[in-house]
Amino acid sequence: MHALLDVCGLNKVYEGSGRRVEAVRDLTFTVDAGELVCLVGPSGCGKTTLLKCMGGLLTPTAGEVLLSGRKVSGPPPGMAFVFQEYGRSLFPWMRVGENIELPLKQKDLSRSRRRELVADALESVGLTDAAGAYPWQLSGGMQQRVAIARALAYEPEVLLMDEPFAAVDAQTRADLEDLVRGLWRERGITILFVTHDIDEAVYLGERVVVLSASPTVVQEQLKVDLPVERDQLHTRVAPRFAELRTHVYEQIQAAKRGTLPVQDRLTKSDTPPLR
């Protein structure tokens with residue numbers, strides 16, 4: 001089985017004003033079709049840079065990203081983004097339905113089909129009655145649901161999410177996490193989810209890719225062997241959840257120090273080899 005997303009030896013160097021910063025160094029990993037993979041790492045390790053290279057928004061200095069075997073050289077049609085700053089990604093002068101429909105105008109779709117997709121996406125995120133509202137009339141959590149609906153309406157193969165819940169309160173965040181897991185299971189979309197929150201990565205992901213400190217490489221890939229059915233109340237208090245999040249925490253602390261933990265809490269057989 002071929003990977004849907006293939007990151008091969010990715011390197012990104014920023015140069016300017018007499019400075020040279022190597023943000024990402026020789027990053028290699030794959031994401032299979034239908035996977036939900038979370039990326040975590042120390043603050044400032046280049047997670048957003050990586051995601052922008054994967055989405056064709058930045059050109060890597062070396063290496064390449066392949067989507068279905070084809071090199072990504074610009075934003076590919078089979079990919080959609082959800083950013084952290086929902087307030088900036090939605091146009092305040094356009095109604096919710098218009099915001100969601102806007103990217104669909106790049107596709108060769110009839111007006112009625114575009115409206116079908118908008119209505120379906122709004123229903124999927126629980127905002128059926130919000131199509132006529134303006135973004136500024138909605139709460140932060142509702143605005144982020146609109147951003148997710150816009151991505152869903154585009155019918156992407158791959159959804160790239162860059163710390164999308166960092167700016168909302170804890171209760172809203174929990175609701176949005178469950179929304180993403182539900183949408184992933186219902187629609188079978190491949191999701192790459194970047195977060196700085198270890199608990200969120202373990203709760204959401206089927207696999208967690210732990211990145212090193214900058215310049216970034218893949219430090220570990222961890223299979224999350226929690227049940228597919230998860231909920232905020234029971235999953236987060238399960239002993240296995242605690243073991244996994246402690247292991248990822250130890251890996252990130254080791255990444256900050258530039259070392260590997262002396263003793264892992266998980267056996268080698270629990271973690272798949274790097275690909």
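**Exercise 1. Which side chain meets D225 in a salt bridge, and what is the N to O distance?**

Solution. The model is predicted. Step one is to identify the partner: D225 and R240 meet through their side chains in a salt bridge, at 2.8 Å from N to O. D225 belongs to the loop between β10 (218–223) and α8 (239–257), whereas R240 belongs to helix α8, so the pair ties together parts that are 15 residues apart in sequence. Step three concerns accessibility: D225 has a relative accessibility of 39% and therefore counts as partly exposed, since this class runs between 20% and 50%.

**Exercise 2. Locate the salt bridge of R113 and determine where its two residues lie.**

Solution. The partner of R113 is E116, and the closest N and O atoms are 3.0 Å apart. Both residues are found in helix α4 (residues 111–124), with a spacing of three residues, about one turn of the helix. The relative accessible area is 31% for R113, which is partly exposed. For E116 the value is 46%, and E116 is likewise partly exposed.

**Exercise 3. Classify the aromatic pairs Y134 with W136 and F165 with F193.**

Solution. A search of the whole structure finds four aromatic pairs. Among them, Y134 and W136 have centres 5.7 Å apart and planes at 10°. Planes under 30 degrees apart count as stacked, so this pair is stacked. Y134 counts as partly exposed at 22% relative accessibility, and W136 as exposed at 59%.

F165 and F193 form a tilted pair, with 5.6 Å centre to centre and 55° between the planes. F165 lies in the loop between β7 (158–162) and α6 (170–187), and F193 in strand β8 (residues 190–194), so the pair ties together parts that are 28 residues apart in sequence. Both F165 and F193 are buried.

Definitions and conventions: Residues are numbered from 1 along each chain as its sequence is written. This is a predicted model: local features need pLDDT of at least 70, side-chain atom pairs count only at pLDDT 80 or more; totals for chains, interfaces and linings use all residues. Side-chain values use heavy atoms; hydrogens and water are left out. A salt bridge is a side-chain nitrogen of Lys or Arg within 4 Å of a carboxyl oxygen of Asp or Glu. Helices (H or I, at least four residues) and strands (E, at least two) are DSSP runs, numbered from the N terminus. Buried means under 20% relative accessible area, exposed over 50%, partly exposed in between (1.4 Å probe, protein chains only). Rings of Phe, Tyr and Trp (its six-membered ring) pair if their centres lie within 6.5 Å; planes under 30 degrees apart count as stacked, over 60 as edge-to-face and the rest as tilted.
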